[in-house]
Amino acid sequence: MYRSLVPVTSSQNVLIFAALADPSRLALLQRLRSGERRVGELCEETRLAQSLISFHLKALREAGLLRFRRQGRTIWYAIDPAGI
């Protein structure tokens with residue numbers, strides 16, 4: 001039986017599965033596998049609107065799958081290994 005190193009509640013599971021159920025979010029995670037990216041880069045690569053990218057990134061963050069850091073006015077996103 002698989003045991004998580006970090007205890008996960010059922011409500012957290014709902015957030016994770018809901019986040020992973022969307023193909024756009026899976027595509028964003030795939031792009032972030034190679035490393036940290038900013039929203040502008042993800043917009044250029046996916047040709048999606050900044051507001052839509054931000055919406056999906058927020059869902060992934062709330063599910064605990066992403067981390068972010070601010071550098072001036074730029075926000076950088078990366079996969080959070082603890083969430084995966």
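Author: Let us begin with a pair of strands: strand 2 and strand 3 (residues 74-79) run antiparallel and are joined by 6 bridges. Strands here are DSSP runs of E with at least two residues, helices are runs of H or I with at least four, and both are numbered from the N terminus. This is a predicted model, where local features need pLDDT of at least 70, side-chain atom pairs count only at pLDDT 80 or more, and totals for chains, interfaces and linings use all residues. Residues are numbered from 1 along each chain as its sequence is written, and side-chain values use heavy atoms, leaving out hydrogens and water.

Reader: What is the order of the strands in the open sheet?

Author: Two strands pair if DSSP finds at least two bridges between them. Strand 1 (37-38) and strand 2 (66-71) each pair on one side only, so they are the edge strands. With antiparallel pairing, the 3 strands take the order 1-3-2.

Reader: Is His56 buried or exposed?

Author: His56 lies in helix 4. Buried means under 20% relative accessible area, exposed over 50%, and partly exposed in between, using a 1.4 Å probe and protein chains only. Because its relative accessible area is 5%, His56 is buried.

Reader: Which side chain makes a polar contact with the side chain of His56?

Author: A polar contact is a pair of N or O atoms within 3.5 Å; within protein, one must be able to donate a hydrogen and the other to accept it, and residues adjacent in sequence count only if both atoms are side-chain atoms. At 3.1 Å, the partner of the His56 side chain is that of Arg25.
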